[in-house]
Amino acid sequence: MSKTVVVFNRPLEEALKAKLEQHFEVADYSHLKDPSEDPGFLEVLGRAEGAIGSSLKFGQELIDRAPNLKVVSSISVGVDNFDVEALSRRGILLCHTPDVLTETTADTGFALIMATARRVVELADWVRDGQWKESLTPAYFGVDVQGATLGVVGMGRIGAAIARRGKFGFNMRVLYHNRSRNQEYEREIGVEYRELDALLEQSDFVCVTVPFSKQTEKMFGKREFELMGPKTIFVNIARGGVVDEPALIEALEQGTIRAAGLDVFVKEPIPADNPLPRMRNVVALPHIGSATDATRYAMAELAVDNLVRGLAGERPKAPYNWKDLDRD
């Protein structure tokens, strides 16, 4: 009898779904916004050996409902929706999709740097509203990116891709902070390590690319924004939870920092009462980091490959908790 796999939250391209169907019985619940309360999904999950998708809180309750589950393949690089410890205790392999979205997400980060620095969205709206009736005055000027100091918090693949764009494309001085120094990137790119406080004080732009965890939750609050100062632009392409959002709103309202470019928020989609999208010194995007056709396809393709390999007893290309399961 074929193994059963369940697709949740993110539809697969027909070619990728067909690849799964070559190996497994596929139950597709990707059309449901929240399948976790759907009886059909829960019944299938109870006999499934594999699951693939994203944007579903996959915690202890769902894990308990999946006694046969062996592999979960997330179509994302971040795994903050998954209870990794609970999966590992059950011996369930979790896979993700790093690398394939690195450059696209870095493009998004640098687009936010440029848009906030030159006030692109604000001034485009100003022109659209018919307000451009005379030569531009200093009240509408932006700031230079070329030659400025960029501070990257989180020097992983995406952080390094941001650093390369700044260093080689815009002649920026690039500082970085990471859990540990990365001497390879220091040699290759010319980035300079700083403790976090020093980086915040010395950077014109602070770009955050850290993974979300208990250690990074609300990593940026009132104190950190005060260290940045009124000329600094803050860019977050990590996760909304790394920021104390009320503290960020206060910093922007009071001019503690100059502006913010945000692709991620604590609650997504953004609630109607969140003031950030309506602030003139904020560029707010709907979590578009990896949102191109080519990148999303590559992510899903890798996720499918991870699932097929994992259920065949092979090492997937991108296992997340492989070592926790004591795999060779």
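**Exercise 1. How many residues of the lining of the largest cavity are nonpolar, how many polar and how many charged?**

Solution. The model is a predicted one.

Step 1. Locate the cavity. A search of the whole structure finds one cavity of 30 Å³ or more, and about 40 Å³ of space lies in the largest cavity.

Step 2. List the lining. The residues are Asn236, Gly240, Val243, Glu245, Leu248, Leu262, Val264, Phe265 and Leu276.

Step 3. Sort them by class. Val, Leu and Phe count as nonpolar, Glu counts as charged, and Gly is placed among the polar residues. The lining therefore divides into six nonpolar, two polar and one charged residue.

**Exercise 2. Classify the ring pair of Tyr176 and Tyr193, and state where its two members lie.**

Solution. A pair of aromatic rings is described by the distance of the centres and the angle of the planes.

Step 1. Count the pairs. There are eight aromatic pairs in the model.

Step 2. Apply the cut-offs. The centres of the rings of Tyr176 and Tyr193 are 5.4 Å apart, and ring centres must lie within 6.5 Å to pair. Their planes stand at 70°, so the pair is edge-to-face, a class that requires an angle over 60 degrees.

Step 3. Place the residues. Tyr176 belongs to strand β7 (residues 173–177) and Tyr193 to strand β8 (residues 192–193); the pair links distant parts of the chain, 17 residues apart. Both Tyr176 and Tyr193 are buried.

**Exercise 3. Carry out the corresponding analysis for Phe220 and Phe234.**

Solution.

Step 1. Classify the pair. Phe220 and Phe234 are 5.3 Å apart, centre to centre, with 55° between the planes, and the pair is tilted.

Step 2. Place the residues. Phe220 lies in the loop between β9 (205–208) and α10 (222–228), and Phe234 in strand β10 (residues 233–236), so the pair ties together parts that are 14 residues apart in sequence.

Step 3. Decide on burial. Buried means under 20% relative accessible area. Phe220 has a relative accessible area of 0% and is therefore buried; Phe234, at 0% relative accessibility, likewise counts as buried.

**Exercise 4. Which residues of helix α11 are buried, and what covers them?**

Solution.

Step 1. Name the buried residues. In helix α11 (residues 245–254), they are Glu245, Ala247, Leu248, Ile249, Ala251 and Leu252.

Step 2. Identify the cover. The elements covering the buried residues of α11 include α10, β10, β11 (259–262) and β12 (282–284).

Step 3. Examine what follows the helix. After α11 comes Gly255, whose phi is positive, near 75°.

Key: Residues numbered from 1 in each chain as written. Predicted model: local features only at pLDDT ≥ 70, side-chain atom pairs only at ≥ 80, totals over all residues. Heavy atoms only, no water. 1 Å grid on protein atoms, 1.4 Å probe; cavity = no way out; pocket = protein on both sides within 12 Å on 5 of 7 lines; lining within 4 Å. Points joined across faces, edges and corners; volume = space filled by probe spheres on them. Phe/Tyr/Trp six-rings, centres within 6.5 Å; stacked < 30°, edge-to-face > 60°. Helix = DSSP H or I, 4+ residues; strand = E, 2+ residues; numbered from the N terminus. Buried < 20%, exposed > 50% of the residue type's maximum accessible area, 1.4 Å probe, protein only. Contact = heavy atoms within 4.5 Å.
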